[in-house]
Amino acid sequence: MVESVQYIAPSAISGATPGIAVAALSCDRGGRRVFSGIEVTLSPGDALVLRGPNGSGKSSLLRVLGGYIRPAEGVLRWNGEDVWDDIGQYQACVHYVGHLDGVKPVLTVRENLTMWSALMGDAMDPDDALKHFGLGNLADLPAKYLSAGQRRRLNLARLGASQRPLWLLDEPSVSLDATSVTQLEELVASHRRTGGIVIVATHNDLQIDHATEIDMGEIDMGTLGDAT
Amino acid sequence: MMAFWQIVRRDLLLARRQGASSLLGVAFFVIVVSLFPFAVGPDAIILASIGAGIIWVAALLATLLSLDRLFQADFEDGSLDILVLTRQPIAMLVLAKTLAHWLTTALPLIIASPLLAMFMALPVDVFATLVISLAVGTPALSLIGAVGAALTVGMRRGGVLMSLLVLPLYIPVLIFGVGAMGAAMMGQDASSALMLLGAISLFALVLAPIGAAAALRLALE
């Protein structure tokens, strides 16, 4: 679906390192250190899988990476530049799929998607994106009649409906059936083939090839060890 | 700028589909004002002397009633997370949502206000001043309210706290709105009060989106 378009990061042309780089990243929530010392560099086409038990900081890390939470320490760089120098410009490169689906029940399935793609920019054919997740024949149905899995698929269809280089997916396969999980894996793979970067938090065995892995559970333990 | 109008369109479409919610505000406005002739009796002189104040206070409360949904609905269903990723400053997002809110809640109040002026036995020649003062003053109500709504988004029972935050800030609008009416009732020139009312709206137009944007960023942490 997105094979034909090659994404070129603006600063790739000017020579800066394209991709996302985090150094010594740490995050506090409610006065408690959730994680610290995260170091990772991802170039176009790379993927990062975050694993770890509940409460180990996967979602917090994704929200830091999405520019929602300012890190307590450390730097987050996008194409070589500190994202907090211009957070708006960075966030315009990001697709974020969180626990909530952001689906408006009073709009139809297609209206939900076209609304998002119009707002996000670089819109692609919404019907293509819906078909990819098997929602093609539900396009004109009000979204209030969707099941949890279908709502999740509609949310994920956003990824295919407007083009953005960095995808942050927080447990994207929750409430998806086996077919939809495969379709999600295909979408992730094709995004990476065109130079996109994917960071995904998951407990399930979402099949993502050649991905860097961070086990957040271990990081948490390490920090506790350091602190004592 | 494209994204700005897209958000206005989106919110207007959502308001139209949800139907009732924007009509509730104007229904509340009409009912509250129409209680007063029953409460204080049908004496036209008393009604006319308190009419402008009653209409303005009711407009304030009707605006407040609708404000807690301004960001709350998008916050609760996760849309706000995605909205901040659109290609525009959050202050513009706030401005777009506030404009849509004004169009769906304040505009119906302004349209309904001559009817209420009749309930309150106001002289016909001040109807124009009432409509103008509401048109100039209600943008300030929506904008100041947006800051309150952004500060309390994500809080349980945030609506009550928002009233406490926002109502004191509405006092200058109330003073100049009723002041313009008072001048018009006495046959004087209402333009100085209207201009001060406009100044408050312009002041809020500049500062409120910035304040609300900062509050929304905190809410999304």
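Predicted model: local features only at pLDDT ≥ 70, side-chain atom pairs only at ≥ 80, totals over all residues.
**Entry 1: chain A, first look**

Next I looked up the secondary structure of chain A and found eight helices and nine strands. For burial, I noted that 44% of the 228 residues in chain A are buried.

**Entry 2: the open sheet in chain A**

I went through the strand pairings next. As a reminder to myself, strands of a sheet pair through backbone hydrogen bonds, either parallel or antiparallel. In chain A, four strands make an open sheet, ordered β2-β1-β4-β5, with antiparallel pairing. At the edges stand β2 (32-42) and β5 of chain A; each has a single partner strand, so one side of each has no neighbour in the sheet.

I then checked how β5(A) is attached. Strand β4 (residues 73-78) of chain A and β5(A) run antiparallel and are joined by two bridges. For Trp78(A), the bridge partner in β5(A) is Glu81(A).

**Entry 3: Glu81(A)**

Is Glu81(A) buried or partly exposed? I found 15 C-beta neighbours inside 10 Å, so Glu81(A) counts as partly exposed; 20 or more would be needed for buried. This residue sits in strand β5 (residues 81-82) of chain A.

**Entry 4: parallel pairings of β3(A)**

Which strands pair with β3(A) in the parallel sense? I noted strand β8 (residues 197-201) of chain A, which pairs with strand β3 (residues 47-51) of chain A over four bridges. Strand β9 (residues 212-215) of chain A also pairs with β3(A) in the parallel sense, over four bridges. Val49(A) has Val200(A) as its bridge partner in β8(A), and Leu50(A) has Ile214(A) as its bridge partner in β9(A).

**Entry 5: chain B, overall**

Over to chain B, where I counted nine helices and zero strands. Reading from the N terminus, the elements run α-α-α-α-α-α-α-α-α. The radius of gyration of chain B is 18 Å, close to the 17 Å from the globule rule for 221 residues, so chain B is as compact as a globular protein of that length. Along the principal axes, its C-alpha atoms fill a box of roughly 55 × 35 × 30 Å.

I looked up burial here too: 46% of the 221 residues of chain B count as buried. Among contacts in chain B with a separation of 6 or more, 81% link residues 24 or more positions apart.

**Entry 6: the core and two alanines**

Nonpolar side chains in soluble globular proteins tend to be buried together, and I wanted to see which residues lead here. The largest nonpolar core has 127 residues, and Ile55(B) and Ala150(B) touch the most other members. Leaving out residues up to four places away in sequence, Ala150(B) touches Phe71(B), Val94(B), Ala212(B), Ala215(B), Leu216(B) and Ala219(B).

I turned to Ala73(B) as well, which I located in helix α4 (residues 69-76) of chain B. It has 17 C-beta neighbours inside 10 Å and therefore counts as partly exposed. Ala73(B) and Gly154(B) are 81 residues apart along the chain, with their C-alpha atoms separated by 9.6 Å.

**Entry 7: where the chains meet**

How many residues does each chain bring to the contact? Chain A brings 21 residues and chain B brings 19 residues. On the side of chain A that touches chain B, α3 (87-91), β6 (94-97) and α4 (109-120) of chain A each supply at least two residues. The most comes from α4(A), with five residues. By type, that side of chain A divides into 14 nonpolar, five polar and two charged residues.

**Entry 8: confidence**

For the complex, the predictor gives an ipTM of 0.84 and a pTM of 0.88. Chain B has a mean pLDDT of 92, and 100% of its residues reach 70 or more. Among its elements, helix α7 (residues 127-152) of chain B has the highest mean pLDDT (96), and helix α2 (residues 20-40) of chain B the lowest (89).

How values were computed. Residues numbered from 1 in each chain as written. Chains lettered and ligands numbered in written order. Contact = placed C-beta atoms within 7 Å. Nonpolar A, V, L, I, M, F, W, Y, C, P; charged D, E, K, R; others polar. Core = buried A, V, L, I, M, F, W, Y, C linked by C-beta atoms within 7 Å. Buried ≥ 20, exposed ≤ 12 C-beta atoms within 10 Å, placed from the backbone. pLDDT = per-residue confidence, 0-100. Rg over C-alpha atoms; globule rule 2.2 N^0.38 Å. Pairing = 2+ DSSP bridges.
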